[in-house]
Amino acid sequence: MSRQVSTTLKSLELLAFLKRVEAEVGRTPTFRNGPRVVDLDLIFYDELVYSSEEVDEASGVKKLVLPHERVHEREFVLRPLADIIPQFVHPALNLSVEDLLKRVTDGGKNTTLRKVIPFIPAKALTTVDGEKSEVESPYWVWGERTRIMAVLNTTPDSFSDGGDHAVVDDAMRFVNSFIIPSKPSSRASSTSTPTTTQRSMVDMIDIGGYSTRPGAKEISPEEEINRVVPLIKAIRSSSNLITSRTLISVDTFRGSVAQAALEAGADVVNDVYALTREGNDDILNVVREAGCPVVMMHSRGDAGEDKDYDDLGGVIEAIKVELGKKVQRALDAGVRRWNVVVDPGLGFSKTVEGNLTILRRLPDITASSSSSSAKSRSLRSCVRSVHALADMPVLVGSSRKSYLGKVIDRDHVSAKERDAATVAAHTAAILGGADAVRVHDVVGGWDGVQVADGLWRKSWASRRE
């Protein structure tokens, strides 16, 4: 992990401070370049070039070389630096961090690192007999395949599935339908007895207890909690091990609901207001303290209003500016960058053409702007030049949205009749680099993702192994 800090300490004093932190945390010396509990290094100190192997009497530091003598050789150092200061120029080599990374990875062809998002094991994950289940902390590798988030609303008035899953038993029947048989691996011995295994079509279940459709009835936090928590507990206590360990997100903008859901066993918070809805500031504190992943969506309040983005240069630039400010606010408050997933908010305060533009230009929302930024020897100016959404993973939720009905010229039909159009929209999103899609029709969503990933992500054959 790389961090930029502001300090009044001189370089030797700062390094001495870092070594004291190591000692207090418990770094135990091993062999050179061996595994360490903690390893803190000073990589750059503005544009300072310095080298000394003598013991500094004032700080006690034995050796200091600035910039770090091997930074240009190490992808695991350059990769996180490229996220925050891609255009910072190495004072001695006269190459930017971005250029150094391209050099060490042959332009990205020989990269050894992949971005991941870690999930803390759910607090309420239990076995059938009620004992606490010890499971390895799961994580997703971004770019490996498209992840599927299944929508499960416990509301009576959601635009698409309102009332379908308001009762826990009905909701669990829907959840259990996600489980399908897995084919035996082609690598298995031809003489071995085939065994029937199972897998889930979804990677995460998104549970919502408050409808965000225009004109939806407002409900109390207590009622929202009563809608979502029993279902989360039911999933976590399922006798099917795959179901009980499926990741769960809670679709809410309220801190009290998020807290209750996380304590019941949810893993992720999905907020259509990106942790900024007026009067609900506590949700930011909940997400930060829990250390959980969070989906932050672009919206402008009521989903059906405020669709003019001309003053910001169009819908793409508006998302980068408006959602970028909200994401930066969360990062400044202590939410970890690797825990953030961004959602452009299809169907929320967007015209039909605006929604189509998002799908057409999806990569532009999180594209790094560094290529057009001037290289600099100032760390402070380099950090400011990187927009908050750069290189972040993207979730797209186009499922059954009303704009699809207008595109197919059947906006009078029910939302459930837009599933084929949904698959088409999500296929376009995956072509544009979407990392996850949010679906109501799980079977259709699964089929579409398998075909799209087979075309653009990973070969069909390798995914069947």
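**Close-up 1. Leu 395 sits across from Ala 436 of strand E14.** In this predicted model, E13 and E14 (residues 436–439) run parallel to each other and are joined by two bridges. Helix H14, covering residues 419–431, lies across both E13 and E14, and its angle to E14 is about 165 degrees.

**Close-up 2. The open sheet, all eight strands of it.** Reading across, the order goes E12-E11-E10-E9-E8-E5-E14-E13, and the pairing is parallel. The edges belong to E12 (340–343) and E13 (395–396); each has a single partner strand, so one side of each has no neighbour in the sheet.

**Close-up 3. Asp 435, buried but without a salt bridge.** Look for Asp 435 in the loop between H14 and E14. Arg 457 is the nearest side chain of opposite charge, and it is 4.2 Å away; a salt bridge would need the side-chain nitrogen within 4 Å of a carboxyl oxygen. Leaving aside neighbours within four places in sequence, Asp 435 touches Arg 457 as well as Trp 142, Gly 143, Arg 145, Thr 146, Arg 147, Pro 393 and Val 394.

**Close-up 4. The largest nonpolar core, with 72 residues.** Val 269, Met 296, Val 327 and Val 340 have the most contacts inside this core. Helix H9 (residues 315–332) gives the most to the core, namely eight residues. Zoom in on Val 269 and, beyond its neighbours within four places in sequence, its contacts include Val 250, Thr 252, Ala 258, Leu 262, Ile 283 and Val 287.

How values were computed
Residues numbered from 1 in each chain as written. Predicted model: local features only at pLDDT ≥ 70, side-chain atom pairs only at ≥ 80, totals over all residues. Heavy atoms only, no water. Pairing = 2+ DSSP bridges. Helix = DSSP H or I, 4+ residues; strand = E, 2+ residues; numbered from the N terminus. Contact = heavy atoms within 4.5 Å. Axes fitted to C-alpha atoms, helices over the stretch in contact; angles between N-to-C directions. Core = buried A, V, L, I, M, F, W, Y, C linked by side-chain atoms within 4.5 Å. Buried < 20%, exposed > 50% of the residue type's maximum accessible area, 1.4 Å probe, protein only. Lys, Arg positive; Asp, Glu negative; His and termini not counted.
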